[in-house]
Amino acid sequence: MRESAQALALAPVPDDADICLAEAEELLFARDRITCALADRVGRVHRAGQAKRHGHASTRSWLRTTGGMTVAGAGRLLTLAVELARLPLVREKFAAGELAAGVAEAICTAISGLSDEQVALAEPILLELAARAGAAEVAKAGRYLRAILDPDGEDRDERADYARRFLRVRPGKGGGLEGEFYLPREHAARLQALLDAYARPRAEGDDRPLRVRQADAFMALLEEK
């Protein structure tokens with residue numbers, strides 16, 4: 001498998017864009033099936049505590065070190081690995097190619113933290129929706145369903161989300177600032193609305209990339225405030 005994947009990655013890209021499109025769709029399908037198989041194995045490693053036996057602080061740390069994954073990427077894969085074990089119908093459809101990875105991930109995220117009884121109620125509802133909706137719609141419905149099934153859990157989620165907030169800045173070259181941040185849901189939505197409104201191209205021919213338009217929108221806000 002490794003040799004085939006490496007050979008494919010090193011092979012010249014076809015000149016024909018239609019061939020590239022068709023091959024990309026095949027690769028997307030294969031990637032999702034590999035993700036399913038990977039999640040099964042990561043789940044087994046996690047339940048056995050095997051990563052710690054090999055000197056890692058946690059399964060998430062093992063994924064970051066061995067797989068070169070980001071914190072967010074390792075977290076998403078671990079959620080998939082843990083929750084698919086409680087979603088037999090989702091796991092079956094995901095493995096068979098009837099669910100894309102994004103939809104399976106949305107369902108797993110939605111039921112994370114619910115009891116097994118609540119998961120049994122939520123799974124068929126979310127699967128029925130997944131048959132006619134995309135990952136974003138499934139995720140939105142999952143949050144709504146989660147709030148109904150576990151209202152106390154929704155409160156806990158909001159408190160945990162708020163507790164994650166941070167803003168790190170450090171001096172950059174020339175006196176500027178750079179950094180990272182995390183905003184809880186309500187404030188994230190406000191910032192996203194601001195960026196959607198003010199980071200649009202100003203006119204036809206505005207060739208600023210999105211990252212620059214968003215910086216300009218944020219700078220305009222600072223100038224006003």
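This is a predicted model: local features need pLDDT of at least 70, side-chain atom pairs count only at pLDDT 80 or more; totals for chains, interfaces and linings use all residues.

Reader: How do you know that the structure holds 0 disulfides?

Author: A disulfide needs two cysteine sulfur atoms within 2.5 Å. The closest cysteine sulfur to that of Cys36 is in Cys108, 9.7 Å away, so the two are too far apart for a bond. Cys108 is likewise in no disulfide, with the sulfur of Cys36 as its nearest. The count for the structure is 0.

Reader: Is Cys36 buried or exposed, and what makes it so?

Author: Buried means under 20% relative accessible area. Cys36 has 2%, so Cys36 is buried.

Reader: And what is the relative accessible area of Cys108?

Author: It is 0% for Cys108, so that residue is buried too.

Reader: How many salt bridges are there?

Author: The structure holds 12.

Reader: Why do Asp32 and Arg31 count as a salt bridge?

Author: The cut-off is 4 Å between a side-chain nitrogen of Lys or Arg and a carboxyl oxygen of Asp or Glu. Asp32 and Arg31 meet at 3.1 Å, N to O, so the pair qualifies. Asp32 is buried at 6%, whereas Arg31 is partly exposed at 47%.

Reader: What makes Arg86 and Glu83 a salt bridge?

Author: Their N to O distance is 2.9 Å, which is within 4 Å, so the label holds. Glu83 has 6% relative accessibility and counts as buried. Arg86 has 24%, so Arg86 is partly exposed: the value falls between 20% and 50%.

Reader: How do you know that Lys93 and Glu98 form a salt bridge?

Author: The distance is 3.1 Å, N to O, so this pair also passes the 4 Å limit. Lys93 is partly exposed at 33%. Glu98 reaches 53%, and exposed means over 50%, so Glu98 counts as exposed. Elsewhere, shared partners link Arg168, Arg170, Glu178 and Glu180 into one salt-bridge network.

Reader: Which residues form the nonpolar patch on the surface?

Author: They are Leu167, Val169, Leu177, Phe181 and Leu183, with about 530 Å² of accessible area together. Strands β1 (166-171) and β2 (177-182) each give two or more residues to the patch.

Reader: Why is Val169 called exposed?

Author: Val169 lies in strand β1. Its relative accessibility is 52%, and the line for exposed is over 50%, so Val169 counts as exposed.

Key. Residues are numbered from 1 along each chain as its sequence is written. Side-chain values use heavy atoms; hydrogens and water are left out. Buried means under 20% relative accessible area, exposed over 50%, partly exposed in between (1.4 Å probe, protein chains only). Patches are made of residues with over 30% relative accessible area and no salt bridge: like charges are joined within 9 Å, nonpolar side chains (Val, Leu, Ile, Met, Phe, Trp, Tyr) within 5 Å. Accessible areas come from the Shrake-Rupley method with a 1.4 Å probe; for residues, only the protein chains shown count as cover. Helices (H or I, at least four residues) and strands (E, at least two) are DSSP runs, numbered from the N terminus.
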